[in-house]
Structure formats: C-alpha cells, structure tokens
Amino acid sequence: MRVSAKADYAARAAVELATATDKPMKADRIAEAQDIPAKFLESILLELKHAGIVRSQRGPDGGYSLARPAEEISVADVIRAVDGPLANVRGDRPENMEYAGAAEPLTDVWIAVRAALRDILETTTLANLRDRELPPRVAELARDPEAWVSLGRIRGSGAASGGGRGSQPKVSNAKS
C-alpha cells in the first residue's frame, strides 16, 4: 500500500483534532503542530468536513473539531475521505478484476490485501492514536522486527534497510 501525503497529513490532522477537547482548533495551529503545509491542510480539512469527520465553526472562537467522538473514527475513515477506497487495482475494485490462465488467482490476492488493510485501518481509531494504545493486533505487528525491514524491489537483494525509527532494531533480511 502506498500512503499518499494527503492521507498521511489527513490522519495527522485528525489525530491532532482528537487531542483538542475544549474548543475548536485553528487550521494554522494544526498545520504548525504537525508540520503540514497550511494551504494543503485547508483543502484536506474541507474534504474531511464533507465526509462528516470534522466540523468547522466560524468566528473568533472558531476552528475545526471532530464531528464524532475519536473512538468512532477509524484511520480507514480518514483515508477514504481524502483518497477513496483503501485498495483498488488500476482504479477499480478488486472484486471486479478478472484474470485468465495462470494469473486467475490474483483476484483473490487483491481481495486478501484489501481485507488485511481493513483489519488494521478499520480497527485503529483516532482515540487509539491519541491515547497511544494501539489495538493488540496492530501493536503485535508493529513490534515484529521484520515489519521494520524495507525489502526494496527484490527480496533478499541486499536492498533492505532498517525502518524509519532509530529505536527499532535494524534487522537483516538474510534468513538463517
């Protein structure tokens, strides 16, 4: 799965809004807190508003807030609001793909990919992120050192490198 900058920014902005419990947050405060370009954030917030994830309030005490409790908004909801379906193949739904011959099982692979994405993204809420309490399955997957290894284009080609966090172990992709 490729996470677009738009989806990443939308998730970060939504989690930031989940931390604001007393009054709406100004877009510039969200942009500064999450290092998101302000103009890009404005369009993202508008899309989140149209999807019913955020609401806006005008005036001196105005700004943005979540339209529903953070416990009711999944990361999948946020991604779908700005990028559309979680998984598609050449712009179409996986179940609409038909392949002939040896490639026929690919439809099932694409369906399984979508199911795996849903398993993670639909069960992880903004409240989970805000509270730093990931669902058990998500936390388990994230703790696996192999999950932090980038395999590049060819598995085992030596293109592997450690994940983006310094606190995570760097693991060789060589199997013993």
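I will talk about an aromatic pair, then a helix crossing, and then a lysine.

What we have here is a predicted model, in which local features need pLDDT of at least 70 and side-chain atom pairs count only at pLDDT 80 or more, while totals for chains, interfaces and linings use all residues. Residues are numbered from 1 along each chain as its sequence is written, and side-chain values use heavy atoms, with hydrogens and water left out.

Let me start with the rings. A search of the whole structure turns up one aromatic pair, where pairing asks that the ring centres of Phe, Tyr or Trp (its six-membered ring) lie within 6.5 Å. Because Y9 sits in helix α1 (residues 5-19) and F40 in helix α3 (residues 38-50), the pair ties together parts that are 31 residues apart in sequence; helices here are DSSP runs of H or I with at least four residues, numbered from the N terminus. Y9 counts as buried at 17% relative accessibility, while F40, at 30%, counts as partly exposed (buried is under 20%, exposed over 50%, and partly exposed in between, with a 1.4 Å probe and protein chains only).

Now, how do α3 and helix α4 (residues 75-83) cross? Their axes, which are lines fitted to C-alpha atoms over the stretch in contact, come within 9 Å and cross at roughly 110 degrees, and that makes α3 roughly perpendicular to α4 (65 to 115 degrees). At this crossing I44, E47 and L48 in α3 meet V78, A81 and V82 in α4, contact being heavy atoms within 4.5 Å. By class, the contact of α3 with α4 has five nonpolar residues, no polar ones and one charged residue, with Ala, Val, Leu, Ile, Met, Phe, Trp, Tyr, Cys and Pro taken as nonpolar, Asp, Glu, Lys and Arg as charged, and the others, Gly among them, as polar.

The buried residues of α4 are V75, A76, V78, I79, A81 and V82, and their cover includes α1, α3, α5 (106-121) and α6 (126-131).

Finally, K6 belongs to helix α1 and is partly exposed, at 22% relative accessible area. Leaving aside neighbours within four places in sequence, K6 is in contact with F40, I44, E47, V82 and D83.

Note on methods: Rings of Phe, Tyr and Trp (its six-membered ring) pair if their centres lie within 6.5 Å; planes under 30 degrees apart count as stacked, over 60 as edge-to-face and the rest as tilted. Helices (H or I, at least four residues) and strands (E, at least two) are DSSP runs, numbered from the N terminus. Axes are lines fitted to C-alpha atoms, for helices over the stretch in contact, and angles run from 0 to 180 degrees between N-to-C directions. Angles under 35 degrees count as roughly parallel, over 145 as roughly antiparallel, 65 to 115 as roughly perpendicular and the rest as oblique.
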